[in-house]
Amino acid sequence: MASGPVNIETETNADGKYVFVALPQGSYTVESTSSGLEAIQTIAVHANQVVQVPLQLRPPQVNTSVTVTASETNAKNTVPTETINEKTIRDAPNVNERFDTLLPLVPGVVRGPDGHINLKGASSTQNGALVNSANVTDPATGSPAINLPIDVVSSVHVMSNPYDPQYGKFTGAVSSVETKTGSYDSYHFSIQNVLPRMRDRDEHIVGIGAATPRMTFTGPVVKDRIAFTQSLEYRFVRTPVNSLPPLERDTTLQGYNSYTQSDLNLSPKQTATVSLVVYPQKLQYMGLNTFTPQPATADFHQRGYQIYAQDRYVTGTDSVLVSQLSYKRYDADVTAQSDDPYQILIDTTEGGFFSRQARRTYRYEWAESYDFSPRHFLGTHQLRTGSNYSYSSYVGRQVFLPVEIIDASGVPIERISFTDPTSFNINQNETAGYMADRWALSQRLSIDIGMRLDNDTITGSTHAAPRAGFLLSLTNDGRTLLKGGVGIFYDRVPLMIPTFEELPNRTVSLLDKNGDPSNSISYLNRVTGGLHNPQSVSWNVALEREVLKSLMLRVGYEQRNTSKVFVVSPNSNGSSGILALSNSGRDSYQEVQVAGQYKLSRITLNSSYVHSRAYGNLNDPSLFFGSYPQAVIQPDARARLPFDATNRFLTWGEIQGPWKLTILPVYDLHTGFPYSVENELREYVGPRDSRHYPRFSSLDLQVLRPVSLHLGKRDLHMRAGFSVFNALNHFNPRDVQNVEESSLFGDFFNDAWREYRGKLVFQF
């Protein structure tokens, strides 16, 4: 793929106006020259936005030229946005070679103990996930559900509290992925990971550990008019649980990802993009850990694809209409290794997994946005309006089989039984409209204000979500910025929520020494208080200072309070009870961040310290009715959330070393995640999440070097290097024995050992 700076030139018209159509998202330096005069300004281009750039230059001739050069300068924007650019995506150490694995490079983003990415103190179901501005979450669970070959990703943006009202259907943060534009003038082909990695067990090679070949092609179909991109990736990956026996410790992922894109220059005023992404896969032994061996795990099968089209039409010199359509299909099945009775022992689990699922979902989405020409009244107003309509459907089947809990002596002490399997069918219509105004009162002060209206047929309600942000230059040189804002956000309702009462009901029985029920409680699934959209109120303030041309510092604080969070909790009275799903939960997140970037000609260093507190209700419905449900449901409680990393220091950078080496180290140090203590009945003992895993510390490193070979009339370009993960081999366990009756109580297992990888990329 082509990489490096993007240089684009144009000429102004007789009025001194100029326009660029469909620039890739990113940061740019705009430079205008005429008869010895020049003007330079740094701007940010975001998806589906028109950026007005007045250069204060009155050229005497029509042939004034303007050059736009991509840069990594931070955008001067009221929205707190962190960007992982194309070069970092290409060169950073990436253990899974997926774009979401790089999200923890952003301060406040962590990979929790369950392996899910948590943005800014919110669960994966509370965050928004976009690819080219299209929603890519699973309609049933609300979690991100798409796989892209990483070679087609140009940038990943994490927006905490985005005050732009075009963003909706979340109460946390938003990750937005932009793909690369195809090459209109020349052909490029790359291939990598052609050699498999061997599986090393006790210093013996036992089969293949991973095979992930990847190829990407881009080039013109019609020069300067139509560009085509195709990327294919096959994935066979074994991931070990290092505390299990050598040949019984791997989860196995097998699948492929295909991304096809066509970029079209339809006219000087109109461009379009059409894409198709396909991502089927099978994950064998999902849920494998120290206390759940392979026979007791589940298999997860997914079949997914998304069709996407976007049209951008410039209606005037400073106005543009963007139309977007997408269709997402996502089917998932959960199956077991056997039908043997599922038994939860103190130190292990036996039998076949107790849950079987079949999910069939799809979503249609249509979005329109229009950027108006600037209006001048008490400053400059850049108005934008838009609308969004989506239709989602979920057809499912759920089976729960009996579960037994075994005590330390090997005797069954509790049985959970369920009613017959159930099937269900639910759909949802969602509409939204918004209006935004970027109001530049002066060269030093700008305000973003907007309003969003959301409606959905599940809750039958319409919500108004006002938002406002500001940016104030405290000094005449523009090197000290104060920015912040406040906004209201409403979350989507995953379609698994309204089907709750149709799921199998359960009966929990305590057993005597003979294995007979001594006390039983039958629970009915009930939605209490109706269904409502979760709501969050968020605000932030940040001070940024360019201390030197090579040093940028930022100090910021943000807070989010979320109410009406979905919670599941059992309530009983005698031999009967209800398993209640309600909107009674509340979450909160506070973050103090100190960050800086030091940049010289050959070194870029990013460092941050985050002190945060993620606190809320612990009984998220997705824990018990998601893709990998827990069998035991205890009463809900409020405590630090399982992915809360109170103190985190992160530093990473890029060094252009000798011999054309590119060195990219990443060091992550944070407080260990919290966990709760349980007894043999899996009842919680003492305060929830009052204990912690050991402190996490990991140094990852990737070293690359370009290599060129002359092959006749063509040159073969390569990038060769190696990666090392957890280079210091620090003890970073992922499992803990939290049952107090166990002889292993309080011990930690499944350390992420030091690992080496080679890398070889061929480019033509």
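How many helices and strands does the protein chain have? I counted 2 helices and 50 strands. I note at the outset that this is a predicted model.

**Entry 1: the chain overall**

I looked up burial next. Of the 764 residues in the protein chain, 52% are buried.

**Entry 2: cavities**

I turned to empty space inside the model. Rolling a probe the size of a water molecule over the atoms shows where such space is left. My search of the whole structure gave 9 cavities of 30 Å³ or more.

Which residues lie nearest the centre of the largest cavity? I found Leu130, Ser133, Gln166, Glu365 and Asn388 there, out of 26 lining residues. I sorted the lining by class. It has 12 polar, 9 nonpolar and 5 charged residues.

I then asked which strands contribute. At least two lining residues come from each of β8 (128–131), β11 (173–179), β21 (319–336), β24 (355–371) and β26 (380–400). The largest share, 4 residues, is from β24.

**Entry 3: a sheet with β8 in it**

I traced its sheet. This is an open sheet of 5 strands with mixed pairing, in the order β5-β10-β11-β8-β9. Its edge strands are β5 (81–84) and β9 (134–135), each pairing on one side only.

β5 meets β10 (residues 153–160) in the antiparallel sense, over 4 bridges. Ile84 stands opposite Val156 of β10.

Are the residues of β8 buried or exposed? All are buried: Gly128 and Leu130 point one way, Ala129 and Val131 the other. Leu130 is also among the residues nearest the centre of the largest cavity.

I checked both neighbours of β8. With β11 it runs parallel, joined by 4 bridges. Ser175 in β11 is the bridge partner of Ala129. With β9 the pairing is antiparallel, over 2 bridges. Here Leu130 stands opposite Asn135.

Last, I looked at the hairpin of β8 and β9. It has 2 residues between the strands, and Asn132 takes a positive phi near 50°.

Technical notes:
Residues numbered from 1 in each chain as written. Predicted model: local features only at pLDDT ≥ 70, side-chain atom pairs only at ≥ 80, totals over all residues. Heavy atoms only, no water. 1 Å grid on protein atoms, 1.4 Å probe; cavity = no way out; pocket = protein on both sides within 12 Å on 5 of 7 lines; lining within 4 Å. Points joined across faces, edges and corners; volume = space filled by probe spheres on them. Nonpolar A, V, L, I, M, F, W, Y, C, P; charged D, E, K, R; others polar. Pairing = 2+ DSSP bridges. Buried < 20%, exposed > 50% of the residue type's maximum accessible area, 1.4 Å probe, protein only.
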